[in-house]
Amino acid sequence: MVYSGSPDSALTKKITIHTLRKMKEQGEKFVTVSLYDAPMANMAERCGAEVVLVGDSLGMTVLGYDSTIPVTMEQMIYHIEAVKRGNQKSLIIGDLPFMTYATPEQAMINATRVMQAGAHMIKIEGGRWLAPTISMLSERGIPVCAHIGLTPQFVNKFGGFRVQGRTPESAAILQEDALILEQAGADIVLLECVPAALGRSITASLKVPTIGIGAGRDTDAQVLVINDILGLTEHPPKFSKNFLCETADIKGALLKYVQDVKAGIFPAEEHMFH
Ligand code: KIV
């Protein structure tokens with residue numbers, strides 16, 4: 001099948017937190033793409049991606065660093081503003097980069113800048129230690145996506161990009177972290193590189209939606225980085241897929257990603273950890 005841009009694949013209304021909660025309640029998957037510029041953001045809207053994430057992965061995918069650690073607030077803001085100009089309907093999540101939310105007060109100042117650049121929600125990486133930060137932001141009107149599992153800003157603590165939650169003890173900690181962060185006010189929990197069974201059980205235990213990347217098929221949504229979707233990554237991670245090699249053009253690749261997530265075809269068994 002050749003995926004061409006059919007007009008009805010485009011988003012027809014603005015996506016809000018409310019839309020995503022409703023989709024979870026109704027068992028309908030939503031789709032997230034991590035991307036960094038206006039034309040791709042526009043393409044994502046036209047292909048029906050409900051959420052776009054301006055991830056600090058931009059340090060590795062666009063700026064050539066070997067981790068996300070060097071990414072600055074100024075770089076994030078530059079890219080969030082570009083994405084905002086290209087996309088009027090998807091919900092935009094903006095990352096807070098390394099060490100810009102080490103205290104709740106610092107998080108307030110930097111999250112405000114990300115929201116003022118055009119994001120509708122901010123994303124921060126870490127477990128239960130973030131509960132006071134999430135409460136503070138949430139109580140003051142800043143929606144939060146809490147990123148747990150393989151949190152790339154911790155690469156030096158983890159000793160590499162490793163699957164998390166493989167032992168019963170570490171899985172139980174992640175399961176508890178997810179609940180604690182939801183209770184603190186997180187609006188979305190993003191799970192990266194955890195066994196599929198853990199992705200499933202965390203998703204079932206939360207009222208808020210989960211977004212997975214390398215977390216199996218049963219999360220409420222999936223996210224992939226645009227570079228992986230388009231086959232630009234030299235050594236792609238196991239959980240990713242090059243959709244461009246099955247399609248005619250970039251729009252076709254994005255449409256196929258959206259359709260395969262919604263149909264429960266992606267991720268397939270070969271993209272999961274057990
Ligand atoms: O920075 C990013 O793009 C991310 C996703 C890979 C989840 O955090």
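**Entry 1: the model**

I am working with a predicted model. I keep that in mind for each value below.

**Entry 2: the ligand shell**

I started with the ligand. Which residues surround the ligand? I listed Ser34, Leu53, Gly55, Asp56, Ser57, Asp95, Lys123, His147, Leu190, Ile213 and Val225. I then sorted this shell by class. The shell has four nonpolar, four polar and three charged residues.

**Entry 3: polar side chains at the ligand**

Next I looked up distances to ligand oxygen atoms. Ser34 places a polar side-chain atom 2.6 Å from an oxygen atom of the ligand. For Ser57, I also read 2.6 Å from a polar side-chain atom to a ligand oxygen. For Asp95, the distance from a polar side-chain atom to an oxygen of the ligand is 3.3 Å.

How much of the ligand does the protein bury? Taken alone, the ligand exposes 260 Å², and the protein buries 95% of that. I also checked the pockets. The ligand takes up the space of the largest pocket.

**Entry 4: positive phi values**

I moved on to the backbone. Met99 is not a glycine, yet its phi is positive, near 65 degrees. I placed Met99 in the loop that runs between strand E3 (91-95) and helix H5 (104-116).

Cys193 is another non-glycine residue with a positive phi, about 50 degrees. I found Cys193 in the loop between strand E6 (188-192) and helix H9 (196-205). Is Cys193 buried or exposed? I call Cys193 buried because its relative accessible area is 4%, and the cut-off for buried is under 20%.

**Entry 5: a cis peptide bond**

Which peptide bond did I note as cis? The bond from Phe266 to Pro267 is cis, and its omega is near 0 degrees. I located Pro267 in the segment after helix H11 (250-262).

**Entry 6: Ile188**

I went back to strand E6, where Ile188 sits. Ile188 has a relative accessible area of 1%, so I log Ile188 as buried. I then took the C-alpha to C-alpha distance from Ile188 to Ala172. These two residues are 19 Å apart in space and 16 residues apart in sequence.

**Entry 7: recap**

For the ligand, I keep the 95% burial by the protein and the side chains of Ser34, Ser57 and Asp95. For the backbone, I keep the phi of Met99, the phi of Cys193 and the cis bond into Pro267.

Methods: Residues numbered from 1 in each chain as written. Predicted model: local features only at pLDDT ≥ 70, side-chain atom pairs only at ≥ 80, totals over all residues. Heavy atoms only, no water. Near = heavy atom within 4 Å. Polar contact = N/O pair within 3.5 Å; in protein donor to acceptor, adjacent residues only side chain to side chain. Areas by Shrake-Rupley, 256 points an atom, 1.4 Å probe, with all protein chains shown as cover. 1 Å grid on protein atoms, 1.4 Å probe; cavity = no way out; pocket = protein on both sides within 12 Å on 5 of 7 lines; lining within 4 Å. Sits in = over half its atoms within 2 Å of the grid points. Nonpolar A, V, L, I, M, F, W, Y, C, P; charged D, E, K, R; others polar. Helix = DSSP H or I, 4+ residues; strand = E, 2+ residues; numbered from the N terminus. Buried < 20%, exposed > 50% of the residue type's maximum accessible area, 1.4 Å probe, protein only.
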